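Please look at the sequence and the model below.

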Amino acid sequence: MLVAGLMSGTSADAIDVALAEITGRGWKTRFRVRAFVSIAYPETVRRHILTVASGSPVPAAEISQLNFLLGELFARACLAACKRARIPLRRLQLIGSHGQTIYHQGRAGKFCGFPTRSTLQIGEPAVIAERTGVTTVADFRPADLAAGGQGAPLVPFFDYLLFRHPRKGRIALNIGGIANLTAIPAGGAPEDVIAFDTGPGNMLLDALASLATAGRQTYDRSGRLASQGTVSKRLLERLLRQKYFRLPPPKTAGREQFGPDYLNKFFLRSRASSPRLLRDALATAAALTAETIARAIKDFVLPKFSVQECFVSGGGVNNRFLMEQLQTRLASRTTIRLLPSGSAGIPAEAKEAVAFAVLAYHTFHQEPSNLPDATGARHPAILGKVVYANR
């Protein structure tokens, strides 16, 4: 079955589209990536997404309009991917769309006097199905939340399919807006997997790069700006004392913890007065991402089982300064070999889009695709909502 996976992460910089041939069922599922494209959001749309996702008060009308607009843009991205890959649209049999997360609270908080957890991804799937003529699965997280989980991380199901090994303990690390990992022991079963969000990934780096370049760059290309700064050990030590980094998994993070308020409180109030101070802030933010990943592995994975290899995916792979920081901090604690996910057969920036193609494939076949031990759910759940196309 030819399936498209559509993904836009917490950085909200682009819509990633992966086209994959998927066969088999259950843990015998196999896939082959046929094409991958990444299509940037128009800057005005990105600004609206980030405003809504930051928690700023906005009218319900704006969220509704944005939901349908993103449905249109996701559909166009899918059509463009097929065209670029020279794959006739009629061959596409299914679409899995993660959508754009604008709110996620995996742990219960009081709302109207009731303990409530919730998540909201937008990018209307009815629009995607109508524009493409392809049945679309979307809104994957609520089923896991309803089953008592945190609705994330969901990619560990895919990681287990791709990275499990009979003799090697492995970690699949993704550095997107938020950094997350999946740890799989040698010969381990799905219930042996450890998976969680380690903390901020590129989210802080992207925001600081935009400020440092007066909006000319939306991210720090190759980590060049961070490499010109100096890590503030004092600030880094202060940040590492925060409660989230000490919480045991399962746990999930997003803009609610590491968004604009966090950025302003710790990085901007005393560091926004000059380009030099902003470069120092970038270096420190990169060190924070690297250190929290290294500590998470040391504190929550290695006490359970040994790990020989760590496969890295996501936009963070392209940030040389960040990767050097990660290599140095891992090497001081472990003998884990750091590898790009491409060495396992999947492009680093395509992994999450392919993952949601695979999750949609399992939903289409009425098979569960969460890992309860990773999300905290009471049981496996069939994820997503299906919009059937009128082809």
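The questions below set values against definitions.

This is a predicted model, in which local features need pLDDT of at least 70 and side-chain atom pairs count only at pLDDT 80 or more, while totals for chains, interfaces and linings use all residues. Residues are numbered from 1 along each chain as its sequence is written, and side-chain values use heavy atoms, with hydrogens and water left out.

Q: Why does F196 count as buried?
A: Buried means under 20% relative accessible area, exposed over 50%, and partly exposed in between (1.4 Å probe, protein chains only). F196 has 0% relative accessibility, so F196 counts as buried.

Q: Why does F300 count as buried?
A: F300 counts as buried because its relative accessibility is 14%.

Q: What makes F196 and F300 an aromatic pair that is edge-to-face?
A: Rings of Phe, Tyr and Trp (its six-membered ring) pair if their centres lie within 6.5 Å; planes under 30 degrees apart count as stacked, over 60 as edge-to-face and the rest as tilted. The rings of F196 and F300 are 5.8 Å centre to centre, with 90° between the planes, an edge-to-face pair. F196 lies in strand 9 (residues 194-200) and F300 in helix 12, so the pair ties together parts that are 104 residues apart in sequence. Helices (H or I, at least four residues) and strands (E, at least two) are DSSP runs, numbered from the N terminus.

Q: What makes the aromatic pair of F245 and F258 stacked?
A: Their planes are at 20°, and the centres are 5.8 Å apart, which gives a stacked pair. F245 is buried at 11% relative accessible area, and F258 counts as buried at 3% relative accessibility.
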